[in-house]
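Work through the exercises below with the sequence and the 3D structure at hand.

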Amino acid sequence: LFIAYGQKEKTETISQVAASLVHEVRNPLTAVKGFLKLIRESGLERDKVQRYIDICESEMERAERILSEYLAVSKPPNDRQEPVGPIDLSLQLRISLEVMRPYANMNNVGLEGQMPDEPVSILANPERIKQVFINLIKNAIEACSGVPGGHVTLELRVEQDKAVLTIEDNGIGMTKEQAGRLGSAFYSTKTGGTGLGLAFCYQTLQAMGGTIALKSAYREGTRFTIHLPLYRERD
Ligand code: ADP
Ligand code: MG
């Protein structure tokens, strides 16, 4: 599993992730504790109290998000109980686009997708692959938020024995350093970000025998390219 920048292989294990999880959840807890102490002090102006409560609320929400996203990441990807069968990637992509359309509209970001009319079959759990698409589309939209003329374009095609999906945005992009850290759990440049979305994507795609690569230019945009092995009847 490679990243275009730096060609760095992701080898972070879930137990390493668990160690940082403790750290990541402890941070918001410590912050909330501190602000509660401040609130208890008498003589605080009303709007100051209000501001502290807002901070507490958003910190608690962040902790909550980290925990629920962590649950998704920590599920063993090759769980035998997990229903896996031939699924149509075109269909899952279409659904993911519809799920994310309101978010794109809300952020004033164009969102379009191109896919073949015929089914593109791969062996996977539809819920997981959809979650991968949604995470990537969400990041692309967030990268374009506030960028005039921001848009996200997805394209699914078949190349030999692979399904190839590109997710392109003309958003803020990444520096080399930022790109090199992608996929490490809890790496986020967003306020309120969890930095777990991509870690989930990388891990899930790897478990499906897929790869993900990226090209990004700071202030120009980003393109992720996913390769997944096609499923054929005779397999
Ligand atoms: P989160 O979205 O919670 O920050 P992710 O794991 O989804 O966590 O993404 C990690 C980081 O990768 C983001 O904070 C951002 O800095 C960077 N990133 C991901 N996708 C893009 C993109 N399309 N354009 C620019 N930066 C991105
Ligand atoms: Mg994200």
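Predicted model: local features only at pLDDT ≥ 70, side-chain atom pairs only at ≥ 80, totals over all residues.

Residues are numbered from 1 along each chain as its sequence is written, and chains are lettered from A and ligands numbered from 1 in the order in which they are written.

**Exercise 1.** Find the order of the strands in the open sheet.

Step 1. Strands are DSSP runs (E, at least two residues; helices are H or I, at least four), numbered from the N terminus. Two of them pair if DSSP finds at least two bridges between them.
Step 2. The order of the five strands is β2-β4-β5-β7-β6, with mixed pairing.
Step 3. β2 (110-114) and β6 (211-217) each have a single partner strand, so one side of each lacks a neighbour in the sheet.
Step 4. β2 and β4 run parallel and are joined by five bridges; Glu112 stands opposite Thr153 in β4.

**Exercise 2.** Identify the helix that gives the most to the shell around ligand 1.

Step 1. The shell has 23 residues, and Asn139, Ala143, Ser188, Gly193 and Gly197 come nearest (a residue is near if its C-beta atom, placed from the backbone, lies within 6 Å).
Step 2. α4 (126-144) and α6 (197-207) each supply at least two residues.
Step 3. With four residues, α4 gives the most.

**Exercise 3.** List the contacts of Cys201, leaving aside neighbours within four places in sequence.

Step 1. Contact requires C-beta atoms, placed from the backbone, within 7 Å.
Step 2. Cys201 is then in contact with Val132, Asn135, Leu136 and Ile212.

Definitions and conventions
Contact = placed C-beta atoms within 7 Å.
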